[in-house]
Amino acid sequence: MMIKTVKRVLVCFLVCLLAHGASAKDFFITDFGAKPGANYLNTTAINKAIEACSKNGGGRVVIPAGVFRSGTLFMKDNVELHLETGATLLASADIKDLPVQPKAAYRSQKDTVGWRAFIFANEVSNIAITGFGTIDGNGAQQKPDPAALKGDLDGRPRNVLFISCKNIRVEGIKMLNAGIWNQHYLNCEDVVVDKINVYNHANRNNDGIDIDGCRRFTLSNSTFDTDDDAIVLKSTGPAPCENIAITNCIVSSFCNAIKAGTESTGGFKNISISNCVVKPSSNPHPPIYGTAKGIAALSLEIVDGGVMDGVSISNIAIEGSDCPLFVRLGNRARKHTGNAPEPPVGVMRNIVINNVVAYHTGNYSSSITGIPGHYVENLSLSNVQFYNAGGLKQGEYISDVAKVKEDEKGYPQPTVWKELPSSALFLRHAKNIQVRGLMLNSEQPDPRTPVIAVDVEGLQIQAIAKVNNSSAAVFFKGWNVKDVAVDTPLAWKGETFQINK
């Protein structure tokens, strides 16, 4: 009888544990001395819980409801950091609590002064951050390290930095207010980021997520609103960004909403971006960088060497942004480490972009540009709608194609040119470009030529709908073009095609 009673008690106890989401592998930070309250520092207690969890075969380190202030937390093998509903991890504003970490074996253009991060991991496996809680980087209080360099190398901490890690899952959480980039996955493999909410308007360089030289990375079902670039693929070291899928995200940025670049050392291969919405930021304050509409919705860039090969972008709805599409092959030629060789001019090829609608945009024309002798190759656009503001007058845009500077060493974004001579699409130094299914409109009359091509070989533009609010005399103008075929837009009253020497 006594044994049966004990069994019943144990069963009831287990049922209660399961009902409250606990398990035998849960390590509550409060059991290791953590205390809520923004004035109590919990760095030691939380790191003890992480260490105990890893040493005991792994499990969950649980952050209960409340605000828990901490310095740098070090993720270990087989640990899931779980933030319960109502839980907030708040980064300390004291730089001493977020010390510089030793340089990792994997070298990057961004590790000149070493790394600072709120949640950090280097060469660990099977880690996760989950739950419905919040990671708050206290970014407005994060100041540059006086001993560091300037710009984005000034020592401000990332919210999350994982280097050379494998089997990562980040799910459900909210991430706010980083000191610099919100989350940085560098040279990582087999990563799933799902159903997260990022709001990052606290400091300079406030990116949303930086996927940097990673392999087999899936980002899905997430929302971003950032001052700097929102979803960014980078290659700041020798490893490529390869086999990346981004889908079902809602993205807002004062700079670039969805971007590959600018750092491109290892290149980008097999990238799929689909079913995303780009919309204006909800932040009411003026941008630290960028523009109120956002500089660009979609940006593809190779400027530090590297190869971009095999990119598919589909089903994108864009509201706002000054420029819907920016494709740029340049030659900044920055080395990823001081002793690395200077990279050669990179390569951009095999890019497919389809089913894109962009409306209420600014007047920065979409563009696809290389540099002399180096071409963007094999790019197709299909079922694309560009509806810009228009309303420009003579003198408010570049009227002479020859004055559109090459700027091959400059920072790659549409602000280098702003209002181009074309209202819809500017092509230069490109080969094998196909546009099929094009709809254009301006909210106010636009005097600019809709499409301009310079040094382009193999251009085909088909199935063009009626172009409203264009006062241009010619639909397409080309300089030094070869093997070009352009359909007449529906009901177009001026010339279709003009070739210039």
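1. **Met 308 and its partner.** Met 308 has Met 348 as its bridge partner in strand β28. The two strands here, β26 and β28, pair in the parallel sense over eleven bridges. Strands pair when DSSP finds at least two bridges between them. Helices (H or I, at least four residues) and strands (E, at least two) are DSSP runs, numbered from the N terminus. This is a predicted model, in which local features need pLDDT of at least 70 and side-chain atom pairs count only at pLDDT 80 or more, while totals for chains, interfaces and linings use all residues. Residues are numbered from 1 along each chain as its sequence is written, and side-chain values use heavy atoms, with hydrogens and water left out.

2. Look for Val 278: Ile 318 in β26 is its bridge partner.

3. **Strand β20.** How many of the five residues of β20 (residues 231-235) are buried? Five of the five are, so the strand is largely enclosed by the rest of the structure. Buried means under 20% relative accessible area, exposed means over 50%, and partly exposed lies in between (1.4 Å probe, protein chains only). Ile 231, Leu 233 and Ser 235 point one way from β20. Val 232 and Lys 234 point the other way.

4. **Neighbours of β20.** Strand β17 (residues 209-212) runs parallel to β20, joined by four bridges. Asp 210 stands opposite Val 232 of β20. Strand β23 also runs parallel to β20, again with four bridges. Here Ser 235 stands opposite Ser 264 in β23.

5. **A cis peptide bond.** Which two residues does a cis peptide bond join? They are Gly 261 and Thr 262, with omega about 5°. Thr 262 sits in strand β23, residues 256-264.

6. **Positive phi in strands.** Asp 190 is not a glycine, yet its phi is positive, about 55°. Asp 190 belongs to strand β15, residues 189-194. It counts as partly exposed because its relative accessibility is 30%. Asn 355, also a residue other than glycine, has a positive phi near 60°. Asn 355 lies in strand β28, residues 347-361. At 32% relative accessibility, Asn 355 counts as partly exposed.

7. **Helix α2.** With 13 residues (43-55), α2 should span 18 Å, and its end C-alpha atoms are 18 Å apart, which agrees. Its buried residues include Thr 43, Ile 46, Ile 50 and Cys 53. Just after α2, Gly 57 takes a positive phi of about 95°.

8. **The largest pocket.** Its volume is about 300 Å³. On a 1 Å grid over the protein atoms alone, a pocket is an open set of points with protein on both sides within 12 Å along at least five of seven lines, while a cavity is a set where a 1.4 Å probe fits but cannot get out; lining residues have an atom within 4 Å of a point. Grid points are joined across faces, edges and corners, and a volume is the space filled by probe spheres set on the points. The pocket has 20 lining residues; Asp 152, Asn 205, Asp 228, Asp 229 and Tyr 411 lie nearest its centre. Strand β23 gives the most to this lining, four residues. By class, the lining has five nonpolar, five polar and ten charged residues. Ala, Val, Leu, Ile, Met, Phe, Trp, Tyr, Cys and Pro count as nonpolar, Asp, Glu, Lys and Arg as charged, and the others, Gly among them, as polar.

9. **The cavities.** The structure holds six cavities of 30 Å³ or more. Strand β31 gives the largest share, six residues. The lining of the largest cavity divides into eight nonpolar, twelve polar and two charged residues.

10. **The second largest cavity.** Its volume is about 70 Å³. Among the residues that line it are Lys 110, Trp 115, Asp 152 and Arg 158. The lining divides into four nonpolar, two polar and six charged residues.

Note on methods: Expected span 1.5 Å × (residues − 1).
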